[in-house]
Amino acid sequence: MTEFFDIVDEAGQPTGKIISRVEAHQKGTLHRTAHVWLVKEKPGGYDILLQKRSEEKDSFPGMYDTSSAGHILAGDEPLPSALRELKEELGLEASPEELKYAGTFRIQYENEHKKQGRVLIDIALLSF
């Protein structure tokens, strides 16, 4: 199944144009992802739950990554996307009120498969 993403401007606002996942990564077109970091406060800091990516992934195989993350599909918003990924990847259900928005940042990369990433990442925290 082909996934489609909203092309976004530098502020993360959809431009009204969409692009396939393959084309976005081939061209390095700016698009969005939603991440949820599972955090546990402890004296002097926090513990953050990471997951290890499958060795079969085409980007960063076998590396440790965010608790849960995924692309924001065309027409979707960050919060529902974050909740969907949390359920799909970790089997956890949370209400929107349980997530705390932590910010947005941008990454850019090119991997060994010439897959390019220009991504705005919306981050939410979920306490456990």
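This is a predicted model: local features need pLDDT of at least 70, side-chain atom pairs count only at pLDDT 80 or more; totals for chains, interfaces and linings use all residues.

Colleague: What is the order of elements in the protein chain from the N terminus on?

Modeller: The protein chain has two helices and nine strands, and their order is β-β-α-β-β-β-β-β-α-β-β.

Colleague: Why is the protein chain called as compact as a globular protein of that length?

Modeller: The globule rule gives 14 Å for 128 residues, and the radius of gyration of the protein chain is 15 Å, close to that value, so the description applies. Along its principal axes, the C-alpha trace spans about 45 × 30 × 30 Å.

Colleague: What makes a residue of helix 2 count as buried, and which residues are these?

Modeller: The term requires under 20% relative accessible area. In helix 2, Ser81, Ala82, Leu83, Glu85 and Leu86 are buried. In the protein chain, buried residues account for 38% of the 128 residues.

Colleague: How do you know what span is expected of helix 2?

Modeller: The expected span is 1.5 Å times one less than the number of residues, so the count of residues sets it. Helix 2, residues 78-90, has 13 residues, and the expected value is 18 Å. From first C-alpha to last, helix 2 reaches 18 Å, close to that expectation. Gly91, with a positive phi near 70°, follows helix 2.

Colleague: What share of contacts between residues at least 6 apart in sequence joins residues at least 24 apart?

Modeller: The share is 50% in the protein chain, where a contact requires heavy atoms within 4.5 Å.

Notes: Residues are numbered from 1 along each chain as its sequence is written. Side-chain values use heavy atoms; hydrogens and water are left out. Helices (H or I, at least four residues) and strands (E, at least two) are DSSP runs, numbered from the N terminus. The radius of gyration is taken over C-alpha atoms; the globule rule is 2.2 Å times the number of residues to the power 0.38. Buried means under 20% relative accessible area, exposed over 50%, partly exposed in between (1.4 Å probe, protein chains only).
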